Amino acid sequence: MSTTTTTTPTQAEWKFTAKDIVAKPDLFLSGHRACAGCGPATVLRLIMKATRGPTIVTQATGCMEIVGSIYPYTSWALPWLHTAFENAAANASGIEAALKVMRKKGKIKNEHIDVIALAGDGGTYDIGLQALSGAVERGHDFLFILYDNEGYMNTGIQRSSSTPIGASTTTSPAGTAVPGKLEKKKPITEIMLAHDLEYVATATPYYWKDLVTKVRKGLEVEGPAFLHVFAPCPRGWRSEPSKTMEYSKLAVESCVFPIWEAVNGKRQLSTPSKVISLAPQKKKPVKDYLEGQGRFRHLFKPQNTHIVDEIQQATDKRWQKLLQQCELTNP
Amino acid sequence: MTQPQQQEQPKQKIVAMNGDEAIAYAVKQCDVDVVAAYPITPQTIIVEKFSEYVANGEVQTEYVCTESEHSAITACLAAGATGARTFTASASAGLALMHEILFVTAGARIPVVLAVANRALSSPINIHGDHSDSMAERDSGWIHIYAENAQEAYDSIIQAFKIAEDPTVSLPIFIGVDGFTISHTLERVDTLTDEVVQTFVGQRQYPTVTTHEGKTVPFKLDPANPMTMGPIALQNYYYEFKRQQEEAMKNAYKKIQQIHNEYAQISGRSYGNGLIDTYKLDDAEIAITVIGSTAGTLKDIVDQLRDEGIKAGILRIRTFRPFPAEEIQKALQNIKAVAVMDKSMSPGGLGSTLFSEIRNALYDQKQHPIIVNYIFGLGGRDSSPQDFRKIYADLCQIAKTGQAEKTITYFGLRE
Amino acid sequence: MSQEKTWKEISLAAVTSKSSVNFQTGDWKTYMPNLTCDKCTKCLTCAILCPEGAIRPNPETGQIEFNLNYCKGCGICANECPVKAINMKIPEGE
């Protein structure tokens with residue numbers, strides 16, 4: 001759809017070895033003011049390691065937008081725009097449309113510029129969903145990256161439609177009558193897949209190479225692509241800051257957050273999840289994932305343990321469904 | 001499609017267009033890069049007409065059919081931040097949905113041009129013309145200009161790009177036209193050639209900024225010169241940026257007049273000084289102050305009254321932001337009684353918006369007229385020219401007695 | 001407030017004027033990382049997963065180095081080190 005001359009990534013870049021990733025200068029810079037142990041901060045650093053040339057980033061309002069742009073300081077080494085909360089995808093639409101027409105008119109250099117829209121779960125699942133749906137329907141060439149920390153952490157840990165069942169937040173507190181959030185997490189990737197996108201994937205920062213590779217694949221799509229990145233928030237989850245990456249691993253190992261990619265709707269498990277599908281004995285109980293997190297602490301009281309069982313059952317059911325989806329589309 | 005003009009006074013093509021079509025035509029001539037819009041009555045003709053230009057390859061514009069007005073103004077803001085010339089149009093509920101981003105656009109200093117086909121706000125829902133929608137955006141930081149007819153709508157759009165994109169201004173601007181009265185009414189519009197318009201408007205200009213890399217560069221998103229746009233500024237700096245916006249408005253005050261006068265040179269058309277437009281006001285004893293198409297209707301009444309020996313006049317506010325307080329003070333200094341006609345309402349307020357502003361502007365004057373407020377035309381409520389005579393009759397009485405019986409009149413309302 | 005600039009001295013629209021590398025967050029920490037060099041395999045996991053970008057290999061020796069000006073002491077590096085070559089400790093003299 002675009003008439004651009006894209007810089008082809010060199011083979012060396014594409015490998016994304018540990019050495020390559022570390023050697024590439026950060027584009028999300030040190031000195032940002034995210035909390036100690038912030039999962040999304042690692043996610044943003046890694047995302048930017050996958051860029052392949054000139055890139056413009058736009059970001060929805062949220063904790064990661066704030067921590068990287070407290071005037072007069074910026075943590076963004078590339079052109080970056082924030083306008084509001086619900087409109088990251090509309091920003092990307094405007095940027096992409098402007099680049100396209102100005103390139104055509106010779107007002108800017110004839111080079112491809114990647115556009116990345118970043119938003120948290122609030123700016124994606126909830127307030128940003130309409131703009132996202134509109135932008136991908138129109139087919140703008142951009143990569144939308146959701147960093148999902150499962151709640152409104154910037155405003156002090158309120159529930160979003162991404163907050164998992166059972167989690168205690170300040171607007172779904174665990175009380176004597178109500179044991180935390182009662183509703184399921186919204187299946188955002190299914191919604192994006194239903195838009196018939198060329199590339200939809202999930203990732204977590206623990207599996208960093210998988211994450212960086214998926215960002216690059218999303219950028220290479222000519223048209224919209226969607227990446228859902230699981231990003232533990234020690235502040236909001238009441239978890240140990242040192243265990244942020246461990247939770248992003250446990251989420252995969254327990255199949256709470258399996259990682260996969262769908263190219264033109266064909267869904268395939270990514271290696272860490274594929275390993276579990278091949279060796280089901282490696283699948284960890286959700287209890288292992290839940291128990292260290294303060295937001296789920298109340299579930300381990302005797303009167304609530306049935307909820308842990310329910311979460312296990314629901315997780316198993318979703319996992320089985322995903323396996324079927326992968327097999328069905330991938331005979 | 002058009003002939004290059006050799007003459008000093010370029011020939012103009014006379015076209016029958018309604019206000020919306022005139023706006024779309026002007027936008028086409030201004031070589032806009034990105035139009036992002038969402039349909040809403042009575043603005044829709046603008047985007048329909050512009051879509052035709054796109055479909056027929058008559059413009060080199062990226063037209064983004066967004067899923068809401070919120071995304072339309074956002075896309076314009078972002079495209080403008082990327083360096084593009086941008087345009088959108090809206091009305092009523094659409095403008096209200098843009099509300100949040102109108103403030104962001106002004107604070108972000110992106111020169112988006114917006115046409116507002118003024119329409120009532122819900123509830124009850126009503127598609128007809130009044131000024132409730134744009135008056136609710138008074139403090140959004142946009143430049144507000146209102147046209148009197150389709151011709152002025154055409155002329156004002158062309159001026160708007162040049163005003164908004166002036167590096168000393170760099171503010172968004174809207175051109176208001178009365179819903180249906182202007183937007184849908186076929187009129188004669190004299191149009192300039194594409195070449196004349198493009199030479200007048202020129203390429204988009206950029207102010208310069210100094211980035212975190214210490215480079216002083218044009219204000220736009222450019223991978224060669226990375227900059228951070230739209231950060232959070234807290235107690236220590238937010239206020240300073242608001243003060244900068246005020247300064248930009250002061251610059252706009254000068255630029256609106258200057259660009260209006262330059263445009264008069266190439267078109268032969270002017271509207272007062274670009275800020276206010278008066279009719280038989282110099283020796284007037286009574287006057288009506290109003291915004292938009294109503295001024296046209298009032299001219300006939302004033303002519304009749306003049307024939308009858310009554311010294312009546314009109315002050316039309318063309319530019320509402322920046323507010324031309326000094327011009328208004330001068331224009332009204334010798335008037336005995338003034339009626340401010342507001343096509344919007346501020347429930348619970350002391351009169352409506354324009355009235356409050358005009359009265360405020362005259363407070364410091366040693367000598368000022370008696371000022372009364374007529375709220376009229378809400379939801380498109382029509383008044384005949386003869387009805388408006390009643391207002392002048394009231395003013396004659398006020399001027400004679402030196403006092404007004406009441407300050408606020410709900411004109412045309414069944415009491 | 002006195003060191004801060006006036007509205008005439010700053011670029012419009014809050015375009016930021018400084019890189020955050022000039023804003024050091026090192027004093028946030030309680031614990032600091034400590035590397036046992038002979039255990040370290042230079043796998044770079046710590047450098048990749050650090051939220052601060054505060055861990056880099058020395059360009060000449062390849063030895064892992066912590067930039068304590070940014071390190072917030074979260075301990076992700078210690079937790080994720082496959083050979084447990086990093087431990088978190090309270091800085092001496094504090």
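Reply: In this predicted model, the largest nonpolar core holds 260 residues, and those that touch the most other members are B:Val34, B:Ala115, B:Ile157 and B:Ala287. Helix H5 of chain A, residues 88-104, supplies the largest share of this core, with ten residues. Within chain B, domain 1 (13-206 + 250-266) and domain 2 (276-410) both contribute residues, so the core lies between them.

One of the residues named above can be followed further. Leaving aside residues up to four places away in sequence, B:Ile157 touches B:Ile23, B:Ala26, B:Val27, B:Val113, B:Ala115 and B:Ile175. B:Ala115 also belongs to the group of core residues that touch the most other members.

The two domains of chain B deserve a description of their own. The domain assignment divides chain B into domain 1 (13-206 + 250-266) and domain 2 (276-410). Taken over C-alpha atoms, the centres of domain 1 and domain 2 of chain B are separated by 27 Å. Their contact involves 25 residues from domain 1 of chain B and 19 residues from domain 2 of chain B. On the domain 1 side, the elements of chain B that give two or more residues are helix H5 (132-135), strand S6 (143-146), strand S7 (173-178) and helix H8 (238-267). The residues of that side divide into eleven nonpolar, nine polar and five charged.

Attention now turns to the contact between chains. Chain B places 39 residues in contact with 38 residues of chain A. On the side of chain B that touches chain A, two or more residues each come from S2, strand S3 (62-65), helix H3 (69-81), helix H4 (92-107) and strand S11 (228-229) of chain B. Helix H3 of chain B gives the most to this side, with nine residues. By class, the side of chain B that touches chain A has 22 nonpolar, twelve polar and five charged residues.

B:Tyr38 is located in the loop between strand S2 (34-37) and helix H2 (44-55) of chain B. Because 24 other C-beta atoms lie within 10 Å, B:Tyr38 is buried. Apart from residues up to four places away in sequence, B:Tyr38 touches B:Thr66, B:Ser68, B:Glu69, B:Ala72 and B:Gly94. The C-alpha atom of B:Tyr38 is separated by 27 Å from that of B:Ser346, which is 308 residues apart from B:Tyr38 along the chain.

Chain C may be considered separately. Chain C contains two helices and five strands, which follow the pattern β-β-α-β-β-α-β along the sequence. The radius of gyration of chain C is 18 Å, whereas a compact globule of 94 residues would have a value near 12 Å. The C-alpha atoms of chain C fill a box of roughly 55 × 30 × 20 Å along the principal axes. Of the 94 residues in chain C, 44% are buried. Among contacts in chain C with a separation of 6 or more, 62% are between residues 24 or more positions apart.

How values were computed: Residues numbered from 1 in each chain as written. Chains lettered and ligands numbered in written order. Predicted model: local features only at pLDDT ≥ 70, side-chain atom pairs only at ≥ 80, totals over all residues. Helix = DSSP H or I, 4+ residues; strand = E, 2+ residues; numbered from the N terminus. Rg over C-alpha atoms; globule rule 2.2 N^0.38 Å. Buried ≥ 20, exposed ≤ 12 C-beta atoms within 10 Å, placed from the backbone. Contact = placed C-beta atoms within 7 Å. Core = buried A, V, L, I, M, F, W, Y, C linked by C-beta atoms within 7 Å. Domains from an automatic or database assignment. Nonpolar A, V, L, I, M, F, W, Y, C, P; charged D, E, K, R; others polar.
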